[in-house]
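User: I would like to go through this chain with you, starting from single residues and moving on to the larger elements. Could you take my questions as they come?
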Amino acid sequence: MSQISHERLLIIDFGSQVTQLIARRLRELNVYCEIHPYQNVTDDFLKELAPKAVIFSGGPDSVVREGSPRPPQSVYDLGVPILGICYGQQVMMQDLGGKVEAGESHTAEFGRAYVKPTEQRIDLLAGWFLEEREQVWMSHGDHVSEIAPGFAVYGTSPGAPFAITADLERRFYAVQFHPEVHHTPNGKTIYENFVRDAGFSGDWTMDAYREEMVKKIREQVGDSHVICALSGGVDSSVAAALIHEAIGEQLTCVFVDHGLLRLNEADEVVGMFRDHMNLKVIHAQEQDLFLGELEGVSDPETKRKIIGKLFIDVFQKYADQIEGAGYLAQGTLYPDVIESVSFSGGPSVTIKSHHNVGGLPEKMGLKLVEPLRELFKDEVRELGRELGLPTSFIGRHPFPGPGLAIRCPGEITRDKLEILRKADAVYIDQIRKHGLYDEIWQAFVAILPVRTVGVMGDGRTYDYACALRAVTSVDGMTADYYPFSHEFLGETATRIINEVKGINRCTYDITSKPPGTIEWE
């Protein structure tokens, strides 16, 4: 359980695919919340956590099925506000004396729907129904056929006559739709009203978190030394900056240069942390080792395994040179923590392995320092701004651990990597010049394992083709291709072909995820 001392809101997870979005909406309101699977929420757990409010998530099960997920009955006796969402509404109604019936075609609702108000208005809906109706996102087969005693109806839809219900005396609220998703445009207002009713002061800020974590890191580490695998990505950069603020010279960062980085990336990362932030950074220049082991390898999974194993070996080698090291810093985020808990099988023993430090804590006998494990990605960026990291680092697009190896399908060669670096630099420069960088989740060039015929000047060329990739996403789980204009694509292709020797053809990848993935390998 978290050691955070802020006011807490508990989200009981019944398996919804969008439960994390509830937490994101609440964090945006400066409310600290934690997601826990229903089977972990026991009477003792509730006493220890002492939440000021509780939210029941949606879920794929049916409350009319025997053995379906339920919260402990004691949650209703806490005396705090409870909000049930979709499956959470049905659970609340069934537990408190109402009735839920299995889905039929005329009562099911999936997708966009419209809720209309009843004559009675409540504070939960302040700011709602300024027009005749509100757009919401429904996703339910079962339906509430009879509300529990003490509840009244405050909103209806064609497929959900009890779309919004509440017991005002107990401050129990329940909605059949999902306020957390983008397709319920005014959904955030419901969360705002709910946390206001629960009396949250909004004490969850990155400034407060920074101060709190600096103190906790000092208490945890004491006089020991900490080593941090620094990749230059947002997570490891912010973790390193925060730990350095806490313990200064007791932190040493190891930056492993595997020869698969973007143009000038190693100099930029090492320069910022060593020269501008005065961190101790070991620049492990191991390009020859990695590229030598990858020579002749074409299979993408084999590439990943080679890089992962070598990273552990190299990091171990340099970490052994640091006297008094007792802790390993990792940039674990809250989604990593959530994903490490099995909804159906309870909590797993360890957090999922990271590509760059997987297996190291056990192998090295080090304890972990994970100062970001309470945060979502957007909160990490905000913390980075608080710590004074340059915007260029805070807003960087994600970059995979295997680096350019998985943007070079087929065999990797030094020549192909050099071509790829230059093409990628031109592409990103174009995106920045057109003011599009912050609109895009991730953008890169992949060099294809084919050569094509071209004409440049009066001569024939036989060079590589490349694919440009740019996607929009919230969390990387799903993604859509970015809709560049034809003018942008034409201008970019011209620049790459003119400025990068070795490429004579450009394509643009318009595959969404799913069915594709963001990276090519």
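**Residues, helices and sheets**

Analyst: Glutamate 374 is buried, with a relative accessible area of 11%; buried means under 20% relative accessible area, exposed over 50%, and partly exposed in between, using a 1.4 Å probe and protein chains only. This is a predicted model, in which local features need pLDDT of at least 70 and side-chain atom pairs count only at pLDDT 80 or more, while totals for chains, interfaces and linings use all residues. Residues are numbered from 1 along each chain as its sequence is written, and side-chain values use heavy atoms, with hydrogens and water left out.

User: Where does glutamate 374 lie?

Analyst: Glutamate 374 lies in the loop between strand 18 and helix 12 (377–386). Helices (H or I, at least four residues) and strands (E, at least two) are DSSP runs, numbered from the N terminus.

User: Which side chain does glutamate 374 join in a polar contact?

Analyst: The side chain is that of tyrosine 32, at 2.7 Å. A polar contact is a pair of N or O atoms within 3.5 Å; within protein, one must be able to donate a hydrogen and the other to accept it, and residues adjacent in sequence count only if both atoms are side-chain atoms. Along the chain, glutamate 374 and tyrosine 32 are 342 residues apart, yet their C-alpha atoms are separated by 9.3 Å.

User: How many bridges join strand 12 to strand 13?

Analyst: Strand 12 (residues 225–229) and strand 13 (residues 251–257) run parallel and are joined by 4 bridges. Alanine 229 has valine 254 as its bridge partner in strand 13. Contact means heavy atoms within 4.5 Å. Axes are lines fitted to C-alpha atoms, for helices over the stretch in contact, and angles run from 0 to 180 degrees between N-to-C directions.

User: Changing topic: why is helix 1 described as largely enclosed?

Analyst: Helix 1 is largely enclosed by the rest of the structure because 7 of its 10 residues are buried. The buried residues are Thr19, Ile22, Ala23, Arg24, Arg25, Leu26 and Arg27.

User: At what angle do helix 1 and helix 4 pack?

Analyst: Helix 1 (residues 19–28) and helix 4 (residues 187–198) pack at about 65°, and their axes are 10 Å apart. On the helix 1 side the contact is made by Ile22, Arg25, Leu26 and Glu28, and on the helix 4 side by Lys188, Tyr191 and Val195.

User: What about serine 16, is it buried or exposed?

Analyst: Serine 16 counts as buried, at 15% relative accessibility. This serine lies in the loop between strand 1 (8–13) and helix 1. A polar atom of the serine 16 side chain lies 3.0 Å from the backbone nitrogen of valine 18. Leaving aside residues up to four places away in sequence, serine 16 touches Ser57, Gly58, Gly59, Pro60 and His178.

User: Which strands pair with strand 20, including the antiparallel ones?

Analyst: Strand 19 (residues 442–456) runs antiparallel to strand 20 and is joined to it by 12 bridges. Strand 22 (residues 503–508) runs parallel to strand 20, with 5 bridges, and tyrosine 464 stands opposite isoleucine 503 there. Strand 21 (residues 480–481) pairs with strand 20 in the antiparallel sense over 2 bridges. Strand 20 (residues 459–472) has 10 of its 14 residues buried, so it is largely enclosed by the rest of the structure.

Technical notes:
Two strands pair if DSSP finds at least two bridges between them.
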